[in-house]
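Hi everyone, thanks for coming. Let me put today's structure up on the screen, and then we can walk through it together.

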Amino acid sequence: MTQPAVFKYHADERRDFTRAIADLHRGLKLWRLWFELALDDLRQRYRRTVFGALWVSVSYLVFAVTIALIGSQMTGTALYPFMVYVAVGYLAWNFINASVTDGCTVFINTENWIAGLRLPFSLFVFQSIARETIIFGYGGAIAAAIIVLTGHDLAWTALAALPALMLYLINAVASHLFFGVLVTRYRDIAQIIQTAMRVLFFLTPLIWTPEQAGGLRDWLWWNPFTYFIDIFRAPIVDGIIPWSSWLFCLTFSAVFCLIAFSLFAHFRRRIVFWF
Amino acid sequence: MVSLTLNHVSLTYPIFDSNTVEDSPDGAGRIEKRKHGGLGLRALHDITLSIRQGDRVGLIGRNGSGKSTLLRVMAGIYAPDAGAVLIEGQTAGLFEVGLGMRIEATGRRNIILRALMEGDTRDEAEARVDQIADFVELRDFLDLPVRTYSQGMMMRLAFALTTSFGAEIALLDEWIGTGDKNFRKKADARMQEIVANAGIVVLASHNPELVLKHCEQAIWLDQGMIRKSGAVEDIVRAYENSGDS
């Protein structure tokens, strides 16, 4: 059994922070469970399809190639470099987008587990992130193939994309905690976020480059996603490590994690009453 | 030492779906204004109780009287607004069929998931399947999605998942309604086993017969408060004479 042997709760001494940390700790320890649950999520999504989760790769490939074809024609840029640019950026965006939008519904979707068992809330956060990471892998395989087939020159600095990925994962946890708590209580926020993310897809340099942005160029850097995409994409596409973007992302992440964790700690015990 | 102690526990549910409800059904908790605005349903009010190892306790009361809420407080799922809860021992709750299960997944898969939840490794979980399969007797249906099961079959699986992992405190909500005679016998035996191993069984039901059959003590809930508690015969008699049952 994984429950603590003694459960003590006193409404006047809530010890929210200690309990929230214990929640994350217990959640991490259940890695076997959330990994299997994440696999089940994907199996269920692609139930009775022939290709199963390979559809993730297929739709990613079709999108990246189509955008690259249209984009290079419209702007007269070379096809292959632009394809690599779109593929890598879109890969990163998909993960970021999922960690925001899936974060919104993380507790709502798992209501029938939360209301029936004494499990750490973080379990469902890790389940969701594991699922998104697997999906990232399916897209990543295609991105790697595109990089190889287009003969793109990879520098050693491309490895700097890995710490960027780590930072994505950390922010994904914060994002699930933050939006998960908020949306379970105020359902409208999910709609606002979904709409915002759709718009932000076009406002972030993903299917166009900052050079093509014209007058918008100076505004780009007000969009936090610009920096987050940059730290992952620049090492692979341009072979450079964008230190100023890193500085922004690290600061942003620290503040975001702090806010998200505080919100989660404070409202954790209320979530179950919000369904 | 296994025990369950509640000290002056109160719990009010927030109501989000309406701001005009005033009148609740007879025997159910009252509607009240909440401290931070909005309406709330006072599901439990000033509950103090102590259950010790080896006890079999029945919770009786009308619909909405707080039985299920109290069970979830005992399971550590609901944190009360006031009062203290002390649970010594591993709890396992069976509240509604389907909770804590993936109905799209097979029965076998659900057993594995539950085993992983209890901290088993993958191999231990696989080994657990046979043992639980014996108990639920679903045969090849174990490889069908749970959503294809009948109510009774789902119940059997849910009961087995709840009681097969060495829980010391079993919290059961109206569980015996479905399930055929053969399974009820097995379930009875399983409950006896838990109590014999110095555990606790708490059974909530609005059916006095059921409580009388399975419990030695009873707690009568009315509007989220303890109306009376003591030996099961006395409580059930009082409950039946009140005209509530």
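This is a predicted model: local features need pLDDT of at least 70, side-chain atom pairs count only at pLDDT 80 or more; totals for chains, interfaces and linings use all residues.

Residues are numbered from 1 along each chain as its sequence is written, and chains are lettered from A in the order in which they are written.

So, the interface. In chain B, 35 residues are in contact with 25 residues of chain A; contact means that the C-beta atoms, placed from the backbone, lie within 7 Å. On the chain B side, β1 (3-15), β5 (82-88), β6 (91-94) and α2 (107-117) each supply at least two residues. Helices (H or I, at least four residues) and strands (E, at least two) are DSSP runs, numbered from the N terminus. The largest share, 7 residues, comes from β5(B).

β5(B) also pairs with strand β1 (residues 6-10) of chain A, antiparallel, over 5 bridges; pairing takes at least two DSSP bridges between the strands. One of the partners to look for is Ala84(B), bridged to His10(A).

Now, where is Gly38(B)? You'll find Gly38(B) in the loop between β2 (31-33) and β3 (39-52) of chain B. Gly38(B) counts as exposed because it has 11 C-beta neighbours inside 10 Å, and the cut-off for exposed is 12 or fewer. Beyond its neighbours within four places in sequence, Gly38(B) is in contact with Pro14(B), Ile15(B) and Asn19(B).

How values were computed:
A residue is buried if 20 or more other C-beta atoms lie within 10 Å of its own, exposed if 12 or fewer, and partly exposed in between; C-beta atoms are placed from the backbone. Two residues are in contact if their C-beta atoms, placed from the backbone, lie within 7 Å.
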